[in-house]
Amino acid sequence: MEYRSGPEYSQAEAGEVRDFLMRRNLKKYLLPPDRLYMVNDGHEHFLRISNGQTTEYPVRGSFLFKLLKWYKFPSRQVHRLSIDTITSILNDYLLAIPGNQVNVTVENGEAVSITSNKYNELSDIEVLDGARTVGVACVSRNDFFMRVYSNTDYEVQPVPGDVCGIGYNLFNSETGFRSLSVRLFVRRYVCSNGAVIGRIEGEGVKVHYGHPDMELKSFLDAQVRAGEKARQEVGRLIEKSTHLPARPVIERVTDQLTPLIGRKRTDELIGDLEEESSIYDLANAITSMAQSLDLKDRLIAESLGGDLLAPAAELAEEATEEIEHQLIGA
C-alpha cells in the first residue's frame, strides 16, 4: 500500500527548501478527536473532519504513521493488513486519544500530522533562521523531519592530505517524529562522506512537548553556541581513531548494520576491510555506504559512523573533566 508524501529534499540548497516552506498552504485544526474519522476508497485513506461542516483530506504516510506511533503499533506490520483493517485500527485509536483536543495540520490539501494539544511546535522556518549564525550549507527534509547542515569551517587533518570539516546538524520535526537537537557533523572533503557526532553539552535534545513559549527557540540558540568549544575535542578523537584497530568492534558493528542494510551488504562492507584497518577506515566505509540510503537510514548509518569516531563515553568523560575544571577555578 502506497501513501502520499510531500516533496523530499536531499542536501538541497537552503533557498529551495525555504521557498517551499514559505509557499505551502497550511491549515491548522484544534478540535476534539471524536470529530475525526478515517475512511478509505479501497486504495488510500482520507481524514474526515466534522467541524461545523464536513471536509475530507487525503492522508499522507506521516499522518498515518504518527497516529500508529501514538499507540506504539509496529509500523512494519501495516503492509500485512488490509486497508479496511488499518482503517478500523486508526478509528479506534482516534477515539482512544486522551484529552479534549488534538492538533491536525493540513499541508497543500493533505492531512500531514496529528499531535497532542500540548505539542510545542517549532517551525522548520524558525530552525533555518536559527542556523544562520553558523551558515547553512544545505538542507534535507521530508514529511518526517528536517536536517540542516551548517558550514564546516573548523578543519582537522587526521591523516595527511585527508581534510575533514566539523560543523553542525540541526534536527527538527514539525510532525512529531524527531526531537529538536543539535549535533556535531564531520564532513570528509575527499569523498563527501559525513558522520554525525553525539553532543556533549547539557541535554542535547528537547522533545516537542510540555515547554513554556520560546523555550525550544532558546534551547536551539544555546546548543549552537555551546558546540563551538566541542569541535576541538571531536577533532582530537577523530585523529585518535586512525590509530585504533577496527577488528575489536566488527561484531558489534555487524549487529548494528544488518537490520539496516541486510546481511549480504553488511558482509560485503566488512569483507572489504583490510586486516590492519583502523576504526577511522571502518567509519569511512559505513558513511560512504550511507550516501546510497534514504534520509532516515542515512542518518542512522552516519550516526553509527560518528559513534565510532568519537565514542560517547569519551565525550562524556571530557565534558565531566571540563566541568570539574571550571568548578575548581570558580
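Is Glu275 buried or exposed, and what is its relative accessibility? At 61% relative accessibility, Glu275 counts as exposed, where exposed means over 50% relative accessible area, buried under 20%, and partly exposed in between (1.4 Å probe, protein chains only).

**Figure 1. Overview of the predicted model.** This is a predicted model, in which local features need pLDDT of at least 70, side-chain atom pairs count only at pLDDT 80 or more, and totals for chains, interfaces and linings use all residues. Residues are numbered from 1 along each chain as its sequence is written, and side-chain values use heavy atoms, with hydrogens and water left out. The protein contains 11 helices and 14 strands; helices (H or I, at least four residues) and strands (E, at least two) are DSSP runs, numbered from the N terminus. Of the 330 residues, 52% are buried. The protein exposes about 16,200 Å², and carbon and sulfur atoms supply 49% of this area, as given by the Shrake-Rupley method with a 1.4 Å probe, where for residues only the protein chains shown count as cover. Among contacts (heavy atoms within 4.5 Å) between residues at least 6 apart in sequence, 65% join residues at least 24 apart.

**Figure 2. The negative surface patch around Glu275.** Glu268, Asp272, Glu274, Glu275, Glu276 and Asp281 form a negative surface patch. Patches are made of residues with over 30% relative accessible area and no salt bridge, like charges being joined within 9 Å and nonpolar side chains (Val, Leu, Ile, Met, Phe, Trp, Tyr) within 5 Å. Asp and Glu count as negative and Lys and Arg as positive, while His and the chain ends are not counted. The place of a charge is taken as CG of Asp, CD of Glu, NZ of Lys or CZ of Arg. Glu275 lies in the loop between helix H8 (263-271) and helix H9 (279-290).

**Figure 3. The salt bridge between Arg18 and Asp129.** A salt bridge is a side-chain nitrogen of Lys or Arg within 4 Å of a carboxyl oxygen of Asp or Glu; by this rule the count comes to 18. In one of them, the side chains of Arg18 and Asp129 meet at 2.9 Å, N to O. This pair links distant parts of the chain, with Arg18 in helix H1 (residues 14-23) and Asp129 in helix H4 (residues 124-130), 111 residues apart. Arg18 is partly exposed at 25% relative accessible area, and Asp129 is partly exposed at 29%.

**Figure 4. The salt bridge between Glu110 and Arg60.** The side chains of Glu110 and Arg60 form a salt bridge of 2.7 Å, N to O. Glu110 belongs to strand E7 (residues 110-116), whereas Arg60 is in the loop between strand E5 (54-58) and helix H2 (61-70), 50 residues apart. Both residues of this pair, Glu110 and Arg60, are buried.

Figure 5. Most residues other than glycine have a negative phi. Gln11, which is not a glycine, has a positive phi of about 50 degrees. Gln11 sits in strand E1 (residues 9-12) and is partly exposed at 26% relative accessibility. Ser192 has a positive phi near 70 degrees and lies in the loop between strand E12 (180-188) and strand E13 (193-197).
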